[in-house]
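Please keep the sequence and the 3D view at hand while reading.

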Amino acid sequence: MVDPERIKQVVDEVSGWLRVFDDGSVDRTWTGPAEALFLMEPVPSHDYPRDGIALLDLPGEPSLRLYLPELPPEHAGDGRRKALPILLQFHGGGFCISHFSWLMYHQFYSRLARAVPAIVVSVDLPLAPEHRLPAAMDAGFRALLRLRSLARAPPRPPEAVADPAERLRSGADFSRVFLIGDSSGGNIVHEVAARAGRLEVEQEGFWSPLKVAGGIPLHPGFVRSSRSRSELEVQSDSVFFTLDMLDKFLALALPEGATKDHPYTCPMGEAAPQLEEVRLPPFLVAVAEKDLIRDTNLEYCEAMRRAGKDVEVLVNKGASHSFYLNKVAVDLDPTTGNRTEELILAIKDFMDRH
């Protein structure tokens with residue numbers, strides 16, 4: 001017989017997404033609208049192309065998922081496969097939820113990989129509150145170090161060609177690595193790019209032959225402790241991003257005792273390193289017009305410009321936070337579909353120019 005006094009009690013909850021119990025355990029079973037559950041279904045890996053993409057998993061620390069696109073004839077050159085740029089992708093979820101295998105990411109990043117074309121390398125990130133920040137930042141940085149190791153690895157014999165690591169190594173242009181992240185993954189883009197730049201300054205050639213060619217935060221989770229005007233005035237039209245989620249996820253994810261003014265969530269703030277002193281590659285920042293955190297996203301972009309950084313801003317007109325991950329809206333709503341296509345084309349153009 002179970003002692004009632006030992007039944008776990010919920011001590012914190014983010015509606016639909018996450019429950020934290022008094023023993024420290026966490027339940028991430030989706031309890032929101034049933035029709036949205038399919039977006040969180042994991043997509044299995046597959047060695048051979050489906051819809052133009054081979055999907056391979058590369059276990060390690062951290063584990064990686066590779067999107068390897070089939071190349072159209074114009075990329076064949078003299079018959080040899082053209083080396084493709086890399087998009088190192090950090091998923092969103094407020095540092096507390098999500099997995100790189102979810103359909104919501106697969107449906108967008110497989111499409112992006114084909115369109116650029118590029119090899120997308122998605123990173124399996126540790127989640128808070130079990131792993132508070134900087135755990136996810138550290139994992140993102142270790143992923144970049146893994147790419148450097150692959151870039152420096154000698155060619156392997158022909159019989160190793162089926163190995164995921166060798167397929168990545170042989171098909172990628174490591175001198176064109178772009179960091180891309182959704183929502184809180186955009187915060188990781190900034191942090192990893194800053195760490196990479198600092199090491200390059202301290203140890204010239206540290207990354208060679210790898211080069212971080214650009215950063216692409218998509219609706220990054222940049223906020224302040226005080227509410228912005230958009231947080232107060234914009235009405236969220238989605239269960240995927242609310243003020244309650246924003247507040248609770250960051251309370252669970254930030255280092256103990258930290259506020260939203262921490263550099264991880266406010267890199268343009270007073271507590272963060274001066275942006276003028278941070279070495280960063282060119283950035284393309286996507287900002288959703290109807291995002292709750294639109295104003296702090298735009299504040300970040302303006303701070304980057306004042307610091308003399310190479311930053312381009314794409315405002316997704318009429319769009320909400322991470323709209324492009326909602327496959328139902330992308331497929332059925334013409335506006336969402338058009339904005340998603342514009343986003344993909346903007347990313348492709350940015351990468352083509354860098």
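This is a predicted model: local features need pLDDT of at least 70, side-chain atom pairs count only at pLDDT 80 or more; totals for chains, interfaces and linings use all residues.

Residues are numbered from 1 along each chain as its sequence is written, and side-chain values use heavy atoms, with hydrogens and water left out.

**Helices α1 and α9**

- Helix α1 (residues 103–115) packs against helix α9 (residues 334–352) at an angle of about 45°, and their axes lie 10 Å apart; the two helices are therefore oblique to each other.
- The contact (heavy atoms within 4.5 Å) brings F108, R111, L112 and A115 of α1 to T340, E341, L343, I344, I347 and K348 of α9.
- The residues of this contact of α1 with α9 divide into six nonpolar, one polar and three charged, where Ala, Val, Leu, Ile, Met, Phe, Trp, Tyr, Cys and Pro count as nonpolar, Asp, Glu, Lys and Arg as charged, and the others, Gly among them, as polar.

**F108 in helix α1**

- F108, which lies in helix α1, has a relative accessible area of 1% and is therefore buried (buried means under 20% relative accessible area, exposed over 50%, and partly exposed in between, with a 1.4 Å probe and protein chains only).
- Leaving aside neighbours within four places in sequence, F108 is in contact with L218, Y324, L325, T340, L343, I344 and I347.
- F108 and F178 are 70 residues apart along the chain, and their C-alpha atoms are separated by 16 Å.

**R65 in strand β6**

- R65 is placed in strand β6, which covers residues 64–69, and R65 counts as buried because its relative accessibility is 3%.
- The side chain of R65 reaches the backbone oxygen of V43 at 2.6 Å.
- Not counting residues up to four places away in sequence, R65 touches a set of residues that includes V43, P44, L55, D57, F100 and V121.

**T31 in a loop**

- T31 sits in the loop between β3 (26–27) and β4 (46–50), and T31 is partly exposed because its relative accessible area is 48%.
- Not counting residues up to four places away in sequence, T31 touches G16 and R19.
- From C-alpha to C-alpha, T31 and W17 are 6.6 Å apart in space, although 14 residues apart in sequence.

How values were computed:
Helices (H or I, at least four residues) and strands (E, at least two) are DSSP runs, numbered from the N terminus. A polar contact is a pair of N or O atoms within 3.5 Å; within protein, one must be able to donate a hydrogen and the other to accept it, and residues adjacent in sequence count only if both atoms are side-chain atoms. Axes are lines fitted to C-alpha atoms, for helices over the stretch in contact, and angles run from 0 to 180 degrees between N-to-C directions. Angles under 35 degrees count as roughly parallel, over 145 as roughly antiparallel, 65 to 115 as roughly perpendicular and the rest as oblique.
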